[in-house]
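Thanks for coming, everyone. Please take a look at the structure on the screen, and then I'll walk you through it.

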Amino acid sequence: MKKISMCEGGFALIVAMIILAVMSILVVSSVRNTTLSEKMSGSYLDRNLAQQAAEQALRQGEAILVTNGEMCASGCAVSSAGAVTSSAVTTAFSAVAWDESAAVSISKPTSQKTSAKYFVKLLPDSAKPGYPSYAGSLSGMASCKPYSVMGKGLGLDSRTVVILQTVALVCPV
């Protein structure tokens, strides 16, 4: 009969336990990476939906200016109900921030999954490009009115918000 040395008795068990621990760490790390990637792609999709909704709202705000071009060429305001009225503007230029009380909810297409709003604000002449000198190709802009149009889109998660802004010039024809 062969005698087994006491030193060699548990070595295979220790090696197997170390290999099992390393493999467990690799599996847990892989699961975490997959979960993080899934969250990132979901967040990207939600931001993209909010971006599209904000873009749609911005386009609807611009369409209001185009539709009411005759009135808006001399100054107009858009109420939170979407009604367009004559308006004057203060001479001081202030930064335009999102104003929830002035926002108009858009009528979204059936394919759009998220909600959006826009608002339109008449700006002073100092907001026009090339102000105060209307030189060269900008000479026809002296009678144009600048408007700030802002669109706000919400994602499926209410924490996902995209706000876009543009300055549109409405000129008499």
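First, a term: helices (H or I, at least four residues) and strands (E, at least two) are DSSP runs, numbered from the N terminus. The expected span of a helix is 1.5 Å times one less than its number of residues.

A word on the source. This is a predicted model, where local features need pLDDT of at least 70, side-chain atom pairs count only at pLDDT 80 or more, and totals for chains, interfaces and linings use all residues. Residues are numbered from 1 along each chain as its sequence is written, and side-chain values use heavy atoms, with hydrogens and water left out.

Start with α1. It has 57 residues. From first C-alpha to last, α1 reaches 84 Å, close to the 84 Å expected at 1.5 Å a residue.

Which residues of α1 are buried? Buried means under 20% relative accessible area, exposed over 50%, partly exposed in between, with a 1.4 Å probe and protein chains only. The buried residues of α1 include Asp46, Leu49, Gln60, Ile64 and Leu65. They pack against α2 (69–72), β1, β2 (84–86), β4, β5 and β6. Contact here means heavy atoms within 4.5 Å.

Now the core. A nonpolar core is a set of buried Ala, Val, Leu, Ile, Met, Phe, Trp, Tyr and Cys residues joined through side-chain atoms within 4.5 Å. The largest one has 24 residues. Leu65, Cys72, Tyr118, Val120 and Tyr147 have the most contacts inside it. α1 (11–67), β1 (76–78), β4 (116–122), β5 (145–154) and β6 (161–170) each supply at least two residues of this core. The largest share, seven residues, comes from α1.

Apart from this core lies another, of six residues, among them Trp98, Ala103, Phe119 and Met150.

Next, the disulfides. A disulfide is a pair of cysteine sulfur atoms within 2.5 Å. How many does the structure hold? Two.

Cys72 and Cys76 form one, with sulfur atoms 2.0 Å apart. Both cysteines, Cys72 and Cys76, are buried. The torsion about their S-S bond is about 90 degrees, so this disulfide is right-handed.

Cys144 and Cys171 form a disulfide too, their sulfur atoms 1.8 Å apart. Cys144 sits in the loop between β4 and β5, and Cys171 in the segment after β6, so the pair ties together parts 27 residues apart in sequence. Cys144 counts as buried, at 1% relative accessibility. Cys171, at 37%, counts as partly exposed.
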